Amino acid sequence: MRPSACLRLARRSSAISQRCSATSTSPSIRISCSLSLETTHFRAGARRLFSESVKKASRFTGAQDSSESLSPFKQHRRDGLREDQQSEDPLYPDPYPRLESSTTRKSVPEFLEDFDEQAPSEEVTLSGRVRSKRVVGKSLIFLDIVNEFQKVQIMINKNKCVSEKHGRIQKFSLFKNLIQVGDHISVTGNATRTKAGEPTLQAIQLPELLSPSMEQIPEKLTDPKARMADRHVDMLVNREVVDVLRLRAEITKFMRDHFHSKRFLEFQTPILAENAGGAVARPFVTQATEFRKKDLALRIAPELWLKRLVVGGVDKVFEIGPAFRNEGVDATHNPEFTMCEFYSAYTNLADLIKETEELLYGLAKHTQELISTQLTTLPPTDLSRFVRPFRQIEFIPGLEEAMGIRFPKLSSDDALPELLAVLKLAGITVPGEVPNSLPKLLDRLAAVYLEPMSFHEPIFITNHPACMSPLAKGFLCPKTYQLVSARAELFVGGRELANMYEEENDPEEQKRKLAFHRTLVNKPNGEVGFEEAAGEQEPTPAEEAEVDEWEGSPLDQSYVKALDFGLPPTGGWGCGVERLVMLFSGANRISDCLSFGTLRNVVGLSTDEKATDRSV
């Protein structure tokens, strides 16, 4: 109500009170008359002013909502609520009231947990969303309300909820018609059990409406576009949707608790910076008003920042946060995703593998407990798949055995053409276009011959060729005499889950490796080599797209300088949180593990909203 209207109403009430006082001789009669007239006039005035506000601009008649654009359900609800508010004695004068403080309020989980300890006469107030409504005869209504993902039954008996005999039938009938599935209500009552033994709250007064649902919640929602456009409705209708998101939250919490138990500290590192390093990916580039002439990049990984913290004395550090990669969208990739990375001083590859096995088994056990008790729409987790230790396959020996060939020296300048010649002589074709760099070719071969082995059991692919891991320490493999890196990747079900390696801590060696990766490309004659420093023609957009992705990642000189202050032997580990959620929830698409889907869904939703706004 507007302040001026309230003041005008108060003045009228005061004037009536004075006139009543002047005509009465008895003090008790004066007080009674004054209060009665004030109350009656206030109610009438409030109804009139509310009616006026509804006609002008209220929550029920927005300027942009003509009656033609309203759904029949929404129009019916507006009419019903307006009719109640304009009545002599409205049941719900304000359908969106402020929540009042109460010493008896409990959440539904608290109520169910303490159910057997509550005295029958103890009053309890519960709040939640109505998910079902069952009318039994003329005097009984059963409601199911949900709060914090738990459901409880509410029993509303007309004879126990409405005290005034003359208004009992009218108010109960009004309540029965006004309250709909989807409404948020508050109920005060006593704990009881039905004849079937179901825990129930028996209301001692009619429930209070806290927020009505102005659109009808559908019984089914199957259209993929509609489900993603109205994700909130999808969550209400299809329980497995919210179960996947709840599992994601539980997985993140478990990981944090796990690292905290190992004395790791969680730090937050910059998302915007001049360079985007720490991974092979194309960054998003933007600008800031503070630095108008300088491009900034959203981080593609927090790796380099976290390792600087280790240099600064934080021996065990982890971060769970967003990363951004300006790449395509598919079933397992989204340009915006969540990464978990940790770095531990004085840790080697064997320690990282052991830590990974412990974390994965703990996650499997924890998620299975949740799925069997709370998230029951999700498929069970097969704990036998995560029995430790996991199988390990060395990269080069594994490929040589699977392909029946012997690899050339991969650290030589002619490694790419030599390997392509070996493949041609053996009659082995590379799926798709031939990669334009040695690291890409090796990665493609691993995807074809090694990664599918993880469909049967989790596997670690270890000791990648040094050219594939510019941030990892290298060593000479005693089996193959190839220069390899102290690195391992965990694959489960054909998908990479985690990547780990012993960090390169020699500043000069790190600088050389990064520079090598930035300039390693295919020459026009098919040979591998370095870019010409100057004097060459500008590349076409097509040629730029073919250049190895590391060329697009600026050399982070400040990180190399940080290594001069001494990075201890450090083990680094990273994984995509969405990949873990897909594994343990059984989801086939990354969009199912994101609150509002992939970037394609989010951009599509924004586009639809803008189009709607322009048409209004």
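**Close-up views of a predicted protein chain**

**View 1. The whole chain at a glance.** The protein chain holds 19 helices and 22 strands (DSSP runs, numbered from the N terminus: helices are H or I with at least four residues, strands are E with at least two). This is a predicted model, in which local features need pLDDT of at least 70 and side-chain atom pairs count only at pLDDT 80 or more, while totals for chains, interfaces and linings use all residues. Residues are numbered from 1 along each chain as its sequence is written, and side-chain values use heavy atoms, with hydrogens and water left out. Of the 616 residues in the chain, 45% are buried (under 20% relative accessible area; exposed is over 50% and partly exposed is in between, with a 1.4 Å probe and protein chains only).

**View 2. Strand β18, tucked inside.** All six residues of β18 (residues 487-492) are buried, so this strand is largely enclosed by the rest of the structure. In a regular strand, side chains alternate between the two faces of the sheet. Here R487, E489 and F491 point one way, while A488, L490 and V492 point the other way.

**View 3. The neighbours of β18.** Strand β15 (residues 459-462) runs antiparallel to β18 and is joined to it by four bridges (two strands pair if DSSP finds at least two bridges between them). Two residues lie between the strands of the β18 and β19 hairpin, where G493 takes a positive phi near 65 degrees.

**View 4. A sheet of three strands.** In this open sheet the order is β9-β11-β10, with antiparallel pairing. Strands β9 (272-273) and β10 (285-288) stand at the edges with a single partner strand each, so one side of each has no neighbour in the sheet. Four bridges link β10 to β11 (residues 291-298), and A288 has F291 as its bridge partner in β11.

View 5. F596, L599, V602 and V603 make a nonpolar surface patch of about 320 Å². Patch residues have over 30% relative accessible area and no salt bridge, with nonpolar side chains (Val, Leu, Ile, Met, Phe, Trp, Tyr) joined within 5 Å and like charges within 9 Å. (A salt bridge is a side-chain nitrogen of Lys or Arg within 4 Å of a carboxyl oxygen of Asp or Glu.) V603 lies in helix α19 (residues 599-615) and, at 44% relative accessibility, counts as partly exposed.

How values were computed:
Areas by Shrake-Rupley, 256 points an atom, 1.4 Å probe, with all protein chains shown as cover.
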